[in-house]
Number of protein chains: 4
Amino acid sequence: MGEHLHDYTLTPRTDEEKQKVMRRLKRIEGQVRGIQKMIEEDRYCVDILVQISAIQSALKNVGYSVTERHMKHCVSDAIAKGEGDDSIEELMAVLKQFSK
Amino acid sequence: MGEHLHDYTLTPRTDEEKQKVMRRLKRIEGQVRGIQKMIEEDRYCVDILVQISAIQSALKNVGYSVTERHMKHCVSDAIAKGEGDDSIEELMAVLKQFSK
Amino acid sequence: MGEHLHDYTLTPRTDEEKQKVMRRLKRIEGQVRGIQKMIEEDRYCVDILVQISAIQSALKNVGYSVTERHMKHCVSDAIAKGEGDDSIEELMAVLKQFSK
Amino acid sequence: MGEHLHDYTLTPRTDEEKQKVMRRLKRIEGQVRGIQKMIEEDRYCVDILVQISAIQSALKNVGYSVTERHMKHCVSDAIAKGEGDDSIEELMAVLKQFSK
């Protein structure tokens, strides 16, 4: 249904994997709320920019760990089945968007 | 007290300005929660990466609008008072961090 | 000798592949010389920044095509031999550096 | 004639400034040629990516120093003359392109 090769991961994430990513995403959610508070309190622009750049960096790290897992599972499985090229091209397309 | 030149903006944000940024930050907060849901539902890695990159892009836009306002108010005022260089160097330091 | 898994590509680039990348790199070299000329002629800073950002973008595209080829050959071969993880981790390390 | 506010810097670069930037651009030009050699010698993709990312980083630094000078001279002068907003908006447009 989706525009990508799959809708769900073929190798489901373990509970431990999920918890690790969830903790990072909860922390990022808290940082976004922190910036809302800074805006309301008229905090100094430069301090707000520093916080935004901290979130960017945290999100990038989540992105890297999702990418690494994707290569170790989905892409590797596709390669093993001789369907690597589609999977690699799909990943490249998203990496290009990601590093914009 | 802060490590930066000021703790608060010298020209307070208008209510309209605040509301505009707040709307964007609320939306970003919702997008971060959306990714949490995707992780829990074992959604496909590439779809998660696409969402992360959408948030990166939305955050960057908030960063640009904060930067532009900062230049038009804080930096411009500092330049008018003959104290532009400190203000410009402070901004450059954060821009370098921001585009990492 | 190198700090990486190999010193040379395991699947040598074809002449056509080499020529395609070389053409792009020659063009980038010309763009870098173009900026040198702009500096000497005291051209407007913003025009210089536009040119720098054009080179960044061209270099990124070369990087993407090298990455894609690397995944389709070196990483795929490593996965087929059951040595995928080292190869993927090596690639992730350079992608993190690349998108800084 | 150009699409930007000016064709030339209003405060010409000193010889020392020019030499400093030129040295960095000559070094970048050499790095681009180094990558051409690596391609011809079929060097390992990951080593090529590391070199590309070194050039990206060197170019970014040239970009930052051009931006900082632009703010300290052109933008500051425009602000002093009460024409800051156009100059700031022009700079923001190029910064957005730059950090893509």
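I began with the pair B and D of this predicted model, where I counted two residue pairs in polar contact between chain B and chain D, both residues of a pair being at pLDDT 80 or more.

I looked next for charged pairs and counted two salt bridges between chain B and chain D. I recorded one in which the side chains of D:Glu89 and B:Lys72 meet at 2.4 Å, N to O.

For the extent of this contact, I noted that it takes 17 residues from chain B and 17 residues from chain D, and that the two chains bury about 1,800 Å² between them, with 70% of it on carbon and sulfur atoms. In chain B, the residues that lose the most area to chain D are B:Tyr64, B:Met71 and B:Met92, which together make up 32% of what that side buries.

I then superposed the copies: chain B can be laid on chain D with an RMSD of 0.0 Å by a turn of 180° and a shift of 0.0 Å along the axis. This is the relation of a two-fold axis, and the same surface serves both copies, since 100% of the contact residues of chain B recur in chain D.

I turned to the pair A and B, where 50 residues of chain A are in contact with 50 residues of chain B. The area buried here is about 5,000 Å², of which carbon and sulfur atoms give 65%, and in chain A the residues losing the most area to chain B are A:Asp42, A:Tyr44 and A:Leu49, together 14% of what that side buries.

Between chain A and chain B I counted six salt bridges, and I recorded the one that B:Lys18 forms with A:Asp42, whose closest N and O atoms are 3.6 Å apart. Across this interface I also found 24 residue pairs in polar contact, both residues at pLDDT 80 or more. The largest share of the side of chain A that touches chain B, 18 residues, comes from α2(A), and this side divides into 26 nonpolar, ten polar and 14 charged residues.

Last, I laid chain A on chain B, which took a turn of 180° and a shift of 0.0 Å along the axis and gave an RMSD of 0.0 Å. I noted that 100% of the interface residues of chain A are also interface residues in chain B, so the copies meet through the same surface.

Key
Residues are numbered from 1 along each chain as its sequence is written. Chains are lettered from A and ligands numbered from 1 in the order in which they are written. Side-chain values use heavy atoms; hydrogens and water are left out. Copies are superposed by least squares on the C-alpha atoms of residues with pLDDT of at least 70 in both. Contact means heavy atoms within 4.5 Å. Buried area is the accessible area (1.4 Å probe) that two parts lose on being put together, summed over both. A salt bridge is a side-chain nitrogen of Lys or Arg within 4 Å of a carboxyl oxygen of Asp or Glu. A polar contact is a pair of N or O atoms within 3.5 Å; within protein, one must be able to donate a hydrogen and the other to accept it, and residues adjacent in sequence count only if both atoms are side-chain atoms. Helices (H or I, at least four residues) and strands (E, at least two) are DSSP runs, numbered from the N terminus. Ala, Val, Leu, Ile, Met, Phe, Trp, Tyr, Cys and Pro count as nonpolar, Asp, Glu, Lys and Arg as charged, and the others, Gly among them, as polar.
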